[in-house]
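Have the model open as you read.

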Amino acid sequence: MTDTGRPLLFLDVDGPLIPFGAPPPGGYPTFRSPYLPPGATPGGNPLIARVDPELGPRLLSLPGDPVWASTWLEDANECLAPWLGLPRLPVVGWPVDTPDTTSATSAGVEPYGLHWKTRTLVAWAGGRPFAWVDDEISDTDRRWVAAHSSARALLHRVDPRRGLTEADFTVLDAWLRTP
């Protein structure tokens with residue numbers, strides 16, 4: 001990825017973009033993307049309809065370079081990018097020994113509480129400032145990044161039941177604009 005001088009914006013999919021968990025009364029809202037022909041669902045994934053397509057322009061308006069940081073890998077470009085009106089984004093590749101985060105026993109964390117993505121994201125950033133948007137970030141991750149990243153970093157936890165909100169965009173925009 002070319003260094004534009006802007007911070008990286010690492011994006012998880014499940015939770016920040018696709019709300020899940022206990023649904024609100026009446027269930028999760030569903031959307032139709034104005035970026036696709038009527039009836040088209042990229043990749044046939046029914047959860048894509050939970051993603052508000054207006055998040056795409058909002059993400060692009062942030063002063064950071066978006067990067068998929070999800071187990072969706074290239075599927076994020078195949079399914080979500082068209083739905084959101086996004087260009088193809090760089091994708092973080094995960095180590096082969098990445099735990100199965102769908103397992104209740106792994107719950108996405110290493111034995112001492114560090115999320116399995118944390119080390120890889122710091123390495124991938126390569127000294128560039130970054131914001132990481134995820135629903136599984138903990139204080140352990142924040143402490144580890146503060147001790148091991150040579151650049152400033154924002155680890156922003158999103159409520160997975162709501163996904164990205166106006167308040168999240170406000171925090172991200174302010175941090176990404178800070179030199």
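## Salt bridges

Searching the whole of this predicted model turns up 11 salt bridges. Side chains of opposite charge can pair when their charged atoms come close.

Take R6 and D65: they form a salt bridge, with 3.0 Å between the closest N and O atoms. R6 sits in the segment before β1 while D65 belongs to strand β2 (residues 65-68), so this pair ties together parts that are 59 residues apart in sequence. R6 is partly exposed, at 33% relative accessible area, but D65 is buried, at 7%. R128 joins in too: R6, D65 and R128 are linked in a network of salt bridges.

Another one to click on is R162 with D159, whose side chains meet at 2.4 Å, N to O. R162 is exposed, with a relative accessible area of 53%.

E166 forms a salt bridge with R58, and their closest N and O atoms are 2.9 Å apart. E166 is in helix α5 and R58 is in helix α1, so the bridge ties together parts 108 residues apart in sequence. R58 is partly exposed, at 30% relative accessible area.

Which residues of α5 are buried? They're D168, F169, L172, W175 and L176. Looking down the axis of α5, these buried residues fall within an arc of 140 degrees, so they line one face of the helix. They pack against β1 (8-11), α1 (55-61), β3 (130-134) and β4 (153-157).

The face turned away from that buried side carries the exposed residues E166, A167 and R177.

Definitions and conventions
Residues are numbered from 1 along each chain as its sequence is written. This is a predicted model: local features need pLDDT of at least 70, side-chain atom pairs count only at pLDDT 80 or more; totals for chains, interfaces and linings use all residues. Side-chain values use heavy atoms; hydrogens and water are left out. Buried means under 20% relative accessible area, exposed over 50%, partly exposed in between (1.4 Å probe, protein chains only). Helices (H or I, at least four residues) and strands (E, at least two) are DSSP runs, numbered from the N terminus. The arc is that of the directions from the helix axis to the C-beta atoms. Contact means heavy atoms within 4.5 Å. A salt bridge is a side-chain nitrogen of Lys or Arg within 4 Å of a carboxyl oxygen of Asp or Glu.
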